[in-house]
Each structure stands twice: as C-alpha cells, then as structure tokens.
Amino acid sequence: MQCLRCRFEDTRVIDTRLGGDGFSIKRRRVCNSCGFRFSTLETPVREEITVEKRDGRIEEFDRQKIFTSLRAALKKGDHQRERMETLVNNVVARLLNGGRKRLTSAEIGTVVLDVLKNFDELAYLRYLTVHQSFINLEDFKAQILRNETNT
Ligand SMILES: [Zn+2]
C-alpha cells in the first residue's frame, strides 16, 4: 500500500491486531521512505451463505458466532488473537470451499470440530461437550476417517 504522505509504494506492516468485533483486522504501517505511520482496517466481505438451524429456521451465516464458540472452547486468554483469527479463517475457508449456499448448523459444527482437533485437544473436547447434542457424531467420525485416508 502507498504511503499516505509521500506516495512511496513500499510501506511495511509493523503491527497487526484483530478488531474488538473479532472479524476485522487493524494493521499499523510505516513508510519505508519518509517514516510516516498510519493504520488500515480490513473487514471481510459478507459471505452469501445461509444456515439451516436444527429447528428448520434459516439464518444468515454469521462469522461472529464461529468466533464466539471457538473462543468459548479455547477459553479467554489461552490463545493469541492472531491465532484465533487464523482458526476462524480456516473454518470459514473450509465452509466456503464447498461452494454451497446453504449449510446446516451441524455441518458447521463438524468443520469447527475438525479444525479444533488439529489445533488444541482440550478445546476440541470442550467444544464437543457443548455441541455434541446437535452434531451427528457418525458423520463426524466418517469425516475424520476420510481425512485420515486422504493424508
Ligand atoms: Zn512516505
């Protein structure tokens, strides 16, 4: 990104933070030519996905809910914000990769579990305990088996 003051093309990121809402990213930059410092705010474009709840209601996909459930599983302070950000991004990327416009809450839970499993075993178990009522464990086991044969 260009420097706001001298328009020099080479600026460097000196700090990256997750915004308080959990899904925006604030970067502090410095110009490599004149040393001017400024901030940028990066927010995701809204994903055009709907979620089918267990009771049949349809909701808009909400990245914040994934962030909140992950944070509850990981417990506050256990993990760096940057790592949380990476984790949420992994989940959303996997959900978007399928190219589908509608997902069930159980499918989302399954992806979250799978990402957590490779990240933090305790958090994985916490998430499983909280959400096991709506996650179809047979589906989940089948998915794990598929992943293990693929790697
Ligand atoms: Zn500059």
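Predicted model: local features only at pLDDT ≥ 70, side-chain atom pairs only at ≥ 80, totals over all residues.

Me: Why is the contact of Arg-17 with Asp-15 called a salt bridge?
Reply: The rule asks for a side-chain nitrogen of Lys or Arg within 4 Å of a carboxyl oxygen of Asp or Glu. The closest N and O atoms of this pair are 2.8 Å apart, so the contact qualifies.

Me: What makes Arg-17 exposed?
Reply: Its relative accessibility is 52%. Exposed means over 50%, so Arg-17 counts as exposed. Asp-15 has 29%, which falls between the 20% and 50% limits, so Asp-15 is partly exposed.

Me: How many salt bridges does the rule give?
Reply: The count comes to eight. Among them is Asp-55 with Arg-57, closest N and O atoms 3.0 Å apart. Lys-65 and Glu-59 also meet in one, at 2.9 Å from N to O. Shared partners join Lys-53, Asp-55, Arg-57, Glu-59 and Lys-65 into one network.

Me: Why is Asp-55 called exposed but Arg-57 partly exposed?
Reply: The cut-off for exposed is over 50%. Asp-55 has a relative accessible area of 54%, so Asp-55 is exposed. Arg-57 has 47%, so Arg-57 is partly exposed. Lys-65, with 44%, is partly exposed as well.

Me: Now the metal. Which residues are the protein donors of the zinc ion?
Reply: Cys-3, Cys-6, Cys-31 and Cys-34, each through SG. They lie 2.2 to 2.4 Å from the zinc ion.

Me: Why is the site of the zinc ion called tetrahedral?
Reply: Four donors count as tetrahedral if all angles lie between 85 and 135 degrees. Here the angles among the four donor atoms are 104 to 116 degrees, so the site is tetrahedral. The ideal tetrahedral angle is 109.5 degrees.

Me: How are the donor residues spaced in sequence?
Reply: The pattern is C-x2-C-x24-C-x2-C. Cys-6, in the segment before β1, and Cys-31, in strand β2, are 25 residues apart, and the pair links distant parts of the chain.

Me: What makes β1 and β2 a pair?
Reply: Pairing needs at least two bridges. Seven bridges join β1 to β2 (residues 25-31), so the strands pair, and they run antiparallel.

Me: Why are β1 and β3 called edge strands?
Reply: The open sheet has three strands in the order β1-β2-β3, with antiparallel pairing. β1 (11-18) and β3 (37-42) each pair on one side only. The twist averages 25 degrees from one strand to the next.

Me: How do you know that the length of helix α3 agrees with expectation?
Reply: At 1.5 Å a residue, its 13 residues (105-117) should span 18 Å. The end C-alpha atoms are 18 Å apart, so the two agree.

Me: What makes α3 mostly covered?
Reply: 10 of its 13 residues are buried, including Ile-108, Val-112 and Leu-116.

Notes
Residues numbered from 1 in each chain as written. Heavy atoms only, no water. Helix = DSSP H or I, 4+ residues; strand = E, 2+ residues; numbered from the N terminus. Axes fitted to C-alpha atoms, helices over the stretch in contact; angles between N-to-C directions. Donors = N, O, S within 2.8 Å, 3.2 Å for Na, K, Ca; no water. Tetrahedral: all angles 85-135°; square planar, octahedral: opposite > 155°, others 65-115°. Buried < 20%, exposed > 50% of the residue type's maximum accessible area, 1.4 Å probe, protein only. Expected span 1.5 Å × (residues − 1).
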